[in-house]
Amino acid sequence: VKVIIKPGESNTAENFKRPIGFTTGVAIYTNGVDKKISAMISVEMKDDNSIAIIPSVHIDNWRQSNGGEYEKSFKPLNFETNSKTFQFVAENSAPQGIDTYFSVVLIYRQ
């Protein structure tokens, strides 16, 4: 899932669908803006009933860990996609004058 907070905006949301399967993990990557600013960036993921699968937390909680197996380095998740629509929400506590890019990677088994 690709998401952008545009210059001067404080948040964004992106709806997406995944193929039917069991989701086992997630990791987030950015263009590095989050490491260069003093603002707090938080992200969350909701299902199609607006229930938070991952409540709004600091972006570092979504990062892939170093070392070990690839799949185990992702933030663990355990839910069926069941053709639902999901929403990724990102918020920046202090809007910046440049784009903040997010790439959200989900691992799932079909």
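This briefing walks through the sheets, the core, the aromatic rings and a few single residues of this structure.

The model is predicted, so keep the ground rules in mind: local features need pLDDT of at least 70, side-chain atom pairs count only at pLDDT 80 or more, and totals for chains, interfaces and linings use all residues. Residues are numbered from 1 along each chain as its sequence is written, and side-chain values use heavy atoms, with hydrogens and water left out. Strands here are DSSP runs of E with at least two residues, numbered from the N terminus (helices would be H or I runs of at least four).

- Strands of a sheet pair through backbone hydrogen bonds, either parallel or antiparallel. For the pairs below, two strands pair if DSSP finds at least two bridges between them.
- Asn11 has Glu91 as its bridge partner in β7.

**The sheet with β3**

- Another open sheet, also described with antiparallel pairing, puts its 4 strands in the order β1-β8-β3-β6.
- Its edge strands are β1 and β6, and each of them pairs on one side only.
- Here the twist averages 30° from one strand to the next.
- β3 is joined to β8 by 8 bridges and to β6 by 4 bridges, with the strands antiparallel in both cases.

**The nonpolar core**

- A nonpolar core is a set of buried Ala, Val, Leu, Ile, Met, Phe, Trp, Tyr and Cys residues joined through side-chain atoms within 4.5 Å. Buried means under 20% relative accessible area, exposed means over 50%, and partly exposed is in between (1.4 Å probe, protein chains only).
- The largest such core has 22 residues, and Ile28, Trp62, Phe88 and Phe102 touch the most other members.
- At least two core residues come from each of β1 (2-5), β3 (22-30), β4 (41-46), β6 (75-80), β7 and β8 (100-109).
- Phe88 is buried at a relative accessible area of 0%. Beyond residues up to four places away in sequence, its contacts (heavy atoms within 4.5 Å) include Val3, Ile28, Trp62, Phe102 and Val104.

**Aromatic rings**

- A pair of aromatic rings is described by the distance of the centres and the angle of the planes. Rings of Phe, Tyr and Trp (its six-membered ring) pair if their centres lie within 6.5 Å; planes under 30 degrees apart count as stacked, over 60 as edge-to-face and the rest as tilted.
- The whole structure has 5 aromatic pairs.
- Trp62 and Phe88 are an edge-to-face pair, because their ring centres are 5.7 Å apart and their planes are at 90°.
- Trp62 sits in the loop between β5 and β6 and Phe88 in strand β7, so this pair ties together parts 26 residues apart in sequence.
- Trp62 is buried, at 0% relative accessibility.
- Phe16, Phe79 and Phe86 make up one aromatic cluster.

**Asn92, a buried residue**

- Asn92 belongs to strand β7 (residues 85-92) and is buried, with a relative accessible area of 2%.
- Its side chain reaches the backbone nitrogen of Ala94 at 3.0 Å.
- Setting aside neighbours within four places in sequence, Asn92 is in contact with Ile5, Ser10, Ile37, Ala39, Met40 and Ile41.

**Residues in the loops**

- Ser50, in the loop between β4 and β5, is exposed at 54% relative accessibility. Its phi is positive, about 65°, although Ser50 is not a glycine.
- Ser83 lies in the loop between β6 and β7 and is partly exposed at 35%. Ser83 has a positive phi as well, about 60°, and is not a glycine.
- Lys72 is in the loop between β5 and β6 and counts as exposed at 64% relative accessibility.
- The C-alpha atoms of Lys72 and Phe16 are separated by 24 Å, with the two residues 56 apart along the chain.

Note on methods: Polar contact = N/O pair within 3.5 Å; in protein donor to acceptor, adjacent residues only side chain to side chain. Axes fitted to C-alpha atoms, helices over the stretch in contact; angles between N-to-C directions.
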